[in-house]
Amino acid sequence: MYPQLNLEPKAKKVRPIYQGRLNNFIANGQYKAMNLPALQDVQRVSDDSTVKISVFSVPGLKRPLFKDVMADKATKFRPAVIGESFGPSWSTYWFKIDLKIPKSWKDAPRVELHFDPSDEGLIFFEDGTAAQGITGGGERIRWIVPQSFIDAKWHTIYIETSCNGMFGNAPGADNIQPPDPERYFTLKSADLVWPDLEARALYYDFTIIAEAARDLPQDSWQSYKALDIGNRIMNTFDVEDRSTIAKCRKIAAEFLGTDVDSEAVYSTKGDIDVEAMGHCHIDTAWLWPYAETRRKIARSWSNQLELFERYPELHFACSQAQQFQWLLEDYPDLFKRVKDAVLNGNFDYVGGSWVEHDTNLPGGESLVRQFLYGQRFFEGHFGSRSKTFWLPDTFGYSPQIPQLCRLAGMTGFMTQKLSWNNINNFPNSTFNWVALDGSQVICHMCPADKYDSVININDVKNSVTHHKNLDADHVGLLAFGLGDGGGGPTDDMLEKLRRCRGLADNVGGLPRVRVGKGPEDFFADLIERTKGGKDLVTWMGELYFEFHRGVYTTHAKMKLNNRQCEQLFHDLEFFATLASLYVKDYDYPKEKLNHIWKLVLLNQFHDMLPGSAIEMAYDEAYDMYKEAKLTGSDLLRKALIALGLMNDTDLGNLVAVNTLPWPRNFIGTVPTEVSAEKDGKPDVVCLSSEENVALLQPVPAEVSANMVPVTVEEIGPNKFKLANGVLEAVIDGGAITSLFDIPNNREVVAPGQKANQFVMFDDQPLYWQAWDTEVFSLDSRKELPPGKGQIILQSPLRCSVLIEQKISERSWINTAITLNAYIKPKDSSTAFDGTHLEFTSEVYWDENCKFLKVEFPVDVHAESASYEMQYGIVKRPTHYNTSWDVAKFEVCCHKFADLSEHNYGVSILNDCKYGFSTHGNVMRLSLLRAPKAPDAHADIGTHEFSYSIYPHAGPLGANTIKLAHEFNSPVVFARVESTKSIDAVLDTFVVEGTDGLCLSNIKRGEDDSDVPADYGLKSSKGKSVVLRVYDALGGRQSGKVLSKLEIAQAFKSNLLEDDEEELKVVKIGDKWGFDISVRAFEIATYKLKLA
Ligand SMILES: [Zn+2]
């Protein structure tokens, strides 16, 4: 019936007002006492008759484990009270909490302890098993008391707290400021609570309804309905009458459906739009040291183990084998529970790498080892490898990652960091990412642009609406759980997710979200839906990150140590492999090798090697490098002794061993430890090798007809000339005003310009100091004033001019500019001519937000420059045509950058630097930065580094590759009685072939029966050798692998050393070998099983 009269006028709801009202229902604001927060507890107690608190303060800044604290006689608990403060920063307290649940609570369906220490904590049962993590400040302070405690008797638990917040100890709200060593944390609560679970459920209902009103499309009827439902709930609620809660929930069900109180909500059929996956990003060190991360893991993961029981739908994806390893060492009981959860299918180990590493800075073999050791850990402990590389938070992506992933058994790649680009919007979410060699992985970048969603309507919605490839696939992955500092999913998030799904099924208007799939299933489904990826667009090459460009340079000593360790391990594995094959009682030191590799891999974590962590974390890192180098050098010495290449006396001939796989000349200074020169003068020697891998034989300069000696002269006031018949360099005040290439009749320095010109830039990025250098920094370019020069070395083999320059009142730089004699190649089989001008700088650096670079304006014109990355070359523009080109104003390179025309070019080599730019004709190597956050002392102090300019005929070619390796690979000096037998051993394994074919590393097989097995993985009989070979220039290469030892079987293998394709071995003269063919930029691994 429709009444004829209407005497009750009705107003249209004024949206912002009715919307604003909703906030008051759940907020802890001025109306708290009249609204839902007032009814959250049925009862709450905290007095001596129910909760007794005592505390033990751990002396110093130690972090003892439960068992050590309890066993220590010095452990004494004293009474503590609410309101008391604990500190200073990084110290540890153990609370002993005695609980007695009131008798009257015997029928309570649940009792909780609400413990808020303001900092982080971990709850232990009396027997030492870890129960659950705590994050103070209200974030995660509830712990469900076991049912067995509800007996009105006293029970004891322990809570370890650490005096740091989730994000370390920055003073004030700016997290990236250096930590305050004097922070104190107040114990805010230790309450026993009988919660009203219906009131809590209404809180979740209402939160999602209020968000739906606000964040669903404002022209959707669902948003109006949410507004109406929310207001009706508020009208129905009566704080004096607890029974109204049930009525309110009934109204909520009109919007959310009736299944939101259990995982049953996910049982409805139909297509899914959003796969929500629990995740907990724990930075392995960042605003806290590694030592704290070990505890963060236990806190975060124990929380998930508890949640699995209440929320069977939860899937928790966790990466970084190192973190599992630490859990195993410190909390074996938790590790066992994790293992059970893996078997149950809730806990998804993922990533396949040792840590979530940076992908720009580690060398090629380092990336291989990240996957090798990561996958071996997972396979050993959990029975299978990960198929998904999981790297949500890293600062740019090397173009070889897709190839490395495929070679490590991974087909999927999850990340999202490009959403932080500060210039261009990356155009894809789901796509085939293609490596330099053509290998692809399916890449998914979470469309919600985060890896740590706390779950809200917007994140669920954006997982579809921000998906950039909806034409091909519409499913978005939503990684949820408190992150960076750890934490992971909470019950709040899981409750909200259930309501998001209920909403979608009941009224629609929101993508359908599911919780209940792991990363492997997500990618497997994606591959199937997109017909094996065929429906997806491709992105070829580097995923350049348009942000955090300072991390190629910050913390120069991390970069130096990393490069040095990679080089040391290369040589160590080379000699140890040979010793293990030829020397009877020599054992391949696999355990120690793996240990030191893992120290280096750990420090490749995405906030460590890039330089964006706090000083305390770097103190730990530098200790690890020290250990890695000491152990590595000791193992190297033992391998050399075993091979007869070293003795403890200084008898025998001084020789230098070349571990690079090509003939090599070496002119340089003998280290004082092995030098026969006792008068302190530099002992310059010249050595030349004609074998691929052989002892370098001394070539006395004065008798060598193939050599043009080098000369140096002062040709004017503070003006010098170095010349060797190939290059002629004029140095004026420290800068190179002319570098003439005689055989090519070409001036290298651009007319009127100066090479080796040091330049300083203001370096105050918008916010992220250690991370960023900004494009406007380039506008502040200032040249260092000229320095004073003097000749410091003058021999026919090697001449140096030293330039002393002031950087500022506090900083200086001394640079030795060196040219060697020229050794003419006899023919194409001998060492090539690599005449280049070297620069070795010593710096004292004490600056504030400045950036030091060195420039080489060269007379070369090209549209793009080439930069060495892992196992390949990346080209980047030398112009600013588009915003994508502008974004690459600072890029990453490894051992060289090259600017070449068709018939001539210039390479700049370096021994420990990673930042570079080439614009117009100026090649600019980045040297040192001085950010003040999060490490106030980053890079302050002394530094030493070398770089070099190598002009060459023709485009970028094999000579630059070789020279860059030589520049980074010092020859190994040794003393031997006779070189003959050694000579025969050193070239046991040889790769012969076309120009860009490069043998990068030699090692023993991981699973050989004569080396220790790890993780109980199956070993195979006999001895095998693994050779890593790649094409360095970007063209198909063919050649042969030759071995002096008999090969029983040879396989083309993957990074994980699985036998894949068997290769036909033939006897060639007195060697065994097989043919190889390598695609452009392919990384090929060969496994030789020896007879
Ligand atoms: Zn991170």
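Contact here means heavy atoms within 4.5 Å. The structure is a predicted model. On that contact criterion, the cover over the buried residues of helix H7 includes helix H6 (290-310), strand E14 (316-318), helix H8 (332-344), strand E15 (347-349), helix H9 (364-382) and helix H15 (590-602). Helix H7 spans residues 321-330 and is mostly covered. Eight of its ten residues are buried. These are Ala321, Gln322, Gln323, Phe324, Gln325, Trp326, Leu327 and Asp330.

In soluble globular proteins, nonpolar side chains tend to be buried together. Residues up to four places away in sequence being left out, Phe324 touches Trp301, Cys318, Ser319, Phe335, Val338, Phe347, Tyr349, Phe377, Phe378 and Phe382.

Helix H14 also carries Asn562. Asn562 is buried, with a relative accessible area of 0%. The residues that Asn562 touches, not counting those up to four places away in sequence, are Leu361, Pro362, Val600, Gln604, Leu609, Tyr625 and Tyr914.

Tyr290 lies in helix H6. Its relative accessible area is 2%, so Tyr290 is buried under the 20% cut-off. Beyond its neighbours within four places in sequence, Tyr290 is in contact with Thr284, Ala285, Trp326, Leu602, Asn603, Met608, Glu620 and Met624. Glu620 is 330 residues from Tyr290 along the chain, yet the C-alpha atoms of the two are separated by 7.5 Å.

Charged pairs were examined next. The structure holds 79 salt bridges. In one of them, the side chains of Asp228 and Lys13 meet at 3.3 Å, N to O. Asp228 lies in helix H4 (residues 221-236) and Lys13 in the segment before helix H1 (15-26), so this pair ties together parts that are 215 residues apart in sequence. Both partners are partly exposed: Asp228 has a relative accessible area of 28%, and Lys13 has 36% relative accessibility.

A second bridge joins Glu112 and Arg200, at 2.7 Å, N to O. Glu112 is in strand E6 (residues 112-116) and Arg200 in helix H3 (residues 197-215), so that distant parts of the chain, 88 residues apart, are linked. The relative accessible area of Glu112 is 1%, and the residue is buried. Arg200 also counts as buried, at 8% relative accessibility.

Lys721 and Glu728 form a further salt bridge, with the closest N and O atoms 3.9 Å apart. A salt bridge requires a nitrogen to oxygen distance within 4 Å, so this pair qualifies. Lys721 is partly exposed, with a relative accessible area of 23%. Glu728 is partly exposed as well, at 28% relative accessibility. Salt bridges also link Arg63, Glu120, Glu160, Glu292, Arg295, Lys296 and Arg299 in a network.

The structure holds zero disulfides. For Cys912, the closest cysteine sulfur is that of Cys893, 11 Å away, which is too far for a bond. Cys912 is buried, with a relative accessible area of 3%. Cys849 counts as buried too, at 11% relative accessibility.

Nonpolar side chains also occur at the surface. Leu766, Tyr767, Val775 and Phe776 form a nonpolar patch there, with about 390 Å² of accessible area together. Val775 sits in the loop between strand E33 (757-762) and strand E34 (782-783). With a relative accessible area of 33%, Val775 is partly exposed. Patch membership requires over 30% relative accessible area, so Val775 passes this cut-off.

How values were computed. Residues numbered from 1 in each chain as written. Predicted model: local features only at pLDDT ≥ 70, side-chain atom pairs only at ≥ 80, totals over all residues. Heavy atoms only, no water. Patch = residues over 30% accessible without salt bridge, like charges linked within 9 Å, V, L, I, M, F, W, Y side chains within 5 Å. Areas by Shrake-Rupley, 256 points an atom, 1.4 Å probe, with all protein chains shown as cover. Helix = DSSP H or I, 4+ residues; strand = E, 2+ residues; numbered from the N terminus. Buried < 20%, exposed > 50% of the residue type's maximum accessible area, 1.4 Å probe, protein only. Disulfide = S-S within 2.5 Å.
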